[in-house]
Amino acid sequence: MLTALVTGGAGFIGANFILLARKNQWLNIINLDKLTYASNLENLAELRGDSNYHFVHGDIANVELVSYLLDKYQPDIIINFAAESHVDRSIFNPQIFIQTNVVGTFNLLEAVRFYWQKLPPQKQQQFRFLHVSTDEVYGSLQIDEPAFREDTLYAPNSPYAASKAAADHFVRAYYHTYNLPTLTTNCSNNYGMRQFPEKLIPLIILNALDGQPLPIYGDGQNIRDWLYVIDHCEAIYLVIQQGKIGETYNIGGLNEQTNLTVVTKICAILDELAPKPNFSYASLITFIPDRPGHDRRYAIDCSKIRRELSWQPQENFDSGLRKTVQWYLDNSEWVNQVRSVAYQNWLQQNYKNRK
Ligand code: NAD
Ligand code: DAU
């Protein structure tokens, strides 16, 4: 079995990927994570005792540490999930986004380049560096514009999107300049179990269960293309195995929804799964002032990955959303643990001036 150094594997998508990779015996995994507020080692609790999984607490920007890990574990694959990932936080505090998403990815690339150059030819040939990116690098679409393709020009609008775009450009440059065998995936909005409740779907579920307002920015007509996280993880593994080096692959859910529709659907599911007498969760919906620079619409054209790697999303949005709501209902311990003082402070900071 090949060994992968996975970065950011204690976060939402990384943890789902690692659990799937270990369950299906895809890969041995070394998980390097800085354990920021968005991480949760409980996500990976079921891997305690798995001798093919190792956790390392550290920063992708730490070249010495990354070089040490590369020498020690001799990975065949790097999967870079590590990032600051929340757009609203990037508006309050862009600096850390530059540090992790740009400098961190650059330092990781440097350490990997020196490691890869010293590998024996066969190992060098099979090596892959997969960088996990986002559709937000392409900017915002009008309602009637065609979906983002791999050749859509970059036009990032938030500090988060700009930092991811910069990282993507470094990954591209390392392929073209040093022949480092890189792959980049640009994915749409993920949803599913284990997502930190600063993002729309888990925030709405938890606020609703608490009887708190369900905050919708602006007119609620912004559109996102939602993909179930497991579909994303399967696409990533496919790209590692069969993707053409140096290329980028768009991954999307073929599932555009307005924010108001998403929130309304969550409320309807909760009315069924956690009913309260004479009450509908939708009565908590509250429109609040918009996110600055709020992108209107994202949509992914994923025909390349469908055509070349035979991937397409398997989960249907209604059943995926129901599974997600059920997961948050079933995992109250996880929920209580992530709702720390720091989380309450974040809610204060982000929402108090929008009322
Ligand atoms: P997340 O915020 O849930 O998790 C990020 C993880 O990275 C955390 O465990 C955190 O501790 C770790 N991390 C942060 N800085 C680090 C550093 N300097 N060194 C090591 N680890 C560090 O994010 P997510 O939603 O799981 O997203 C994972 C990746 O996928 C990100 O690169 C993000 O840009 C990308 N992406 C996310 C989505 C989405 O909808 N969530 C969609 C497309 C792409
Ligand atoms: O498109 C991929 C991106 O999706 C990823 O790269 C990011 O890491 C991920 O955070 C996500 O970005 P968004 O900004 O689209 O996700 P978020 O869940 O923050 O918001 C989804 C939509 O819901 C967006 O239009 C803003 C809106 N929203 C969000 C929150 C938190 C609200 O209306 N109210 C809210 O309270």
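**View 1. The whole protein, a predicted model.** Welcome to a protein with 13 helices and 13 strands (DSSP runs, H or I of at least four residues for helices and E of at least two for strands, numbered from the N terminus). Its radius of gyration is 20 Å, close to the 20 Å that the globule rule gives for 355 residues, so the protein is as compact as a globular protein of that length (taken over C-alpha atoms; the rule is 2.2 Å times the number of residues to the power 0.38). Along the principal axes, the C-alpha atoms fill a box of roughly 70 × 50 × 40 Å. Of the 355 residues, 56% count as buried, meaning under 20% relative accessible area with a 1.4 Å probe, protein chains only.

**View 2. Asp 33 and its strand.** Look for Asp 33 in strand β2, which covers residues 28–33. Asp 33 is buried yet has no salt bridge (a side-chain nitrogen of Lys or Arg within 4 Å of a carboxyl oxygen of Asp or Glu). The nearest side chain of opposite charge, Lys 34, is 9.0 Å away; Lys and Arg count as positive, Asp and Glu as negative, while His and the chain ends are not counted.

**View 3. The surroundings of Asp 33.** Here the side chain of Asp 33 reaches the backbone nitrogen of Gly 9 at 3.3 Å. Leaving aside neighbours within four places in sequence, Asp 33 is in contact (heavy atoms within 4.5 Å) with residues including Gly 8, Gly 9, Ser 39, Phe 55 and His 57.

**Notes.** Residues are numbered from 1 along each chain as its sequence is written. Local features need pLDDT of at least 70, and side-chain atom pairs count only at pLDDT 80 or more.

Technical notes: Chains lettered and ligands numbered in written order. Heavy atoms only, no water. Buried < 20%, exposed > 50% of the residue type's maximum accessible area, 1.4 Å probe, protein only. Polar contact = N/O pair within 3.5 Å; in protein donor to acceptor, adjacent residues only side chain to side chain.
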